[in-house]
Amino acid sequence: MSGRKRTQIRRGVPEPEGQVKRGVSLRKVRSTVHDHESSDVDDVRPGTVKSQYFSKEGEPQRLGEEFFNQPCINLAKAFLGKILIQQFVRRHLVYFKYFLIDRDWYWCVGVQMVVETEAYLGEEDKASHSAGGKCTARNTAMFMKPGTIYVYPIYGIYLCINVSSQGEGAAVLLRALEPLNGLRLMKQLRTARRREEARPLKDKELCNGPSKLCQALDIPRCFDRRDLASDPEVWLERDTQIGPQEPGLREVVSASRIGIDSHGEWATKPLRFYLRGHRCVSVVNKQAEIQIHSLANNVISDFASSSVDVCDGDTGQN
């Protein structure tokens with residue numbers, strides 16, 4: 001690497017975004033990205049991790065145990081609009097964006113906003129891995145403290161990531177994210193798993209599904225049972241810098257979950273939540289959105305009617 005190029009990276013100047021090269025193996029991408037065995041992640045103490053999302057006073061916006069310690073449905077909704085960050089610490093340079101903090105090189109591998117989740121309520125939920133209160137070696141994380149990461153394989157080749165909540169065996173599935181930073185790397189990781197003749201991925205397609213987001217972030221199976229409230233490599237923050245551009249984007253839609261049609265009445269329960277109108281949502285439920293719109297109009301009408309009644313009987317006192 002030339003001296004000029006090294007100087008640019010040290011100063012935090014990002015390299016130009018280029019086209020993703022097709023035919024690059026996943027192993028090669030991973031070797032360029034990170035190596036858990038040779039990285040210095042152990043040098044990072046839980047609770048001291050920093051990121052670019054800071055308040056003006058310099059305090060980190062990382063969400064701790066109190067955030068995750070709430071009922072499953074509440075947590076599934078609370079996740080929406082929060083920022084998921086995955087980080088690796090390196091003491092040598094590679095070909096991606098860095099910034100210098102506390103004399104260590106910190107690399108953000110994906111900064112994303114959570115836009116879609118699903119709630120799995122534990123023992124009573126027939127579609128949950130913990131249905132009937134059954135705790136196995138596979139789903140142990142669902143019975144651990146709120147904020148514990150639960151990673152499990154589907155179809156033998158893909159992974160999904162969940163986070164435990166209040167309630168025995170209850171957890172929230174992260175279903176879709178909006179990529180905010182590190183898109184070049186995410187495209188490489190996703191493209192390496194696709195056929196060479198497949199069309200190029202759009203930005204909104206990188207993380208619009210539970211398995212897709214695990215591929216884009218290169219979430220490994222060993223993330224299972226790690227604590228999202230204190231882990232030095234992955235955590236959740238409040239959105240202090242990036243907000244929705246479209247009016248009403250924060251409106252939450254409640255719809256039926258995806259891919260659980262064989263679980264009877266639990267297949268139709270509205271336990272999937274997403275930000276209405278967001279381009280990165282995996283599956284849009286038009287019927288649920290119409291119902292929300294009608295309900296909102298009814299609430300406004302009722303409020304207007306009650307306001308008229310109050311005005312008619314107004315005595316002049318505020």
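1. Let's start at the surface. Tyr155, Ile157 and Tyr158 form a nonpolar patch there, with about 400 Å² of accessible area together. Keep in mind as you look that this is a predicted model.

2. Stay with Tyr155 for a moment. Tyr155 sits in the loop between strand E4 (149-154) and strand E5 (158-164), and Tyr155 is exposed, with a relative accessible area of 75%.

3. Which other residue is worth checking for its phi? Arg225 also has a positive value, near 75°, in a residue other than glycine. Look for Arg225 in the loop between helix H6 (210-216) and strand E7 (234-237). Arg225 is partly exposed, with a relative accessible area of 39%.

4. Now for the inside. The largest nonpolar core has 48 residues, and those with the most contacts inside it include Phe68, Phe79 and Leu236. Beyond its neighbours within four places in sequence, Phe68 is in contact with residues including Leu63, Leu75, Pro146, Val163 and Leu228.

5. On to the charged pairs: the model has 14 salt bridges. In one of them, the side chains of Glu116 and Arg272 meet at 2.7 Å, N to O. Glu116 lies in strand E3 (residues 104-120) and Arg272 in strand E9 (residues 272-275), so this pair ties together parts that are 156 residues apart in sequence. Are these two residues buried or exposed? Glu116 is buried, at 0% relative accessible area, and Arg272 counts as buried at 1%.

6. A second salt bridge joins the side chains of Lys145 and Asp227 (3.2 Å, N to O). Lys145 is in the loop between E3 and E4 and Asp227 in the loop between H6 and E7, so the pair links distant parts of the chain, 82 residues apart. Lys145 counts as partly exposed at 37% relative accessibility, whereas Asp227 counts as buried at 16%.

7. Because Arg276 lies in the loop between E9 and helix H7 (286-312) and Glu289 in helix H7, the pair ties together parts 13 residues apart in sequence. Arg276 is partly exposed, at 24%, while Glu289 counts as buried at 11%. Finally, salt bridges that share partners join Glu116, Glu118, Arg175 and Arg272 into one network.

Technical notes: Residues numbered from 1 in each chain as written. Predicted model: local features only at pLDDT ≥ 70, side-chain atom pairs only at ≥ 80, totals over all residues. Heavy atoms only, no water. Core = buried A, V, L, I, M, F, W, Y, C linked by side-chain atoms within 4.5 Å. Buried < 20%, exposed > 50% of the residue type's maximum accessible area, 1.4 Å probe, protein only. Contact = heavy atoms within 4.5 Å. Helix = DSSP H or I, 4+ residues; strand = E, 2+ residues; numbered from the N terminus. Patch = residues over 30% accessible without salt bridge, like charges linked within 9 Å, V, L, I, M, F, W, Y side chains within 5 Å. Areas by Shrake-Rupley, 256 points an atom, 1.4 Å probe, with all protein chains shown as cover. Salt bridge = Lys/Arg side-chain N within 4 Å of Asp/Glu carboxyl O.
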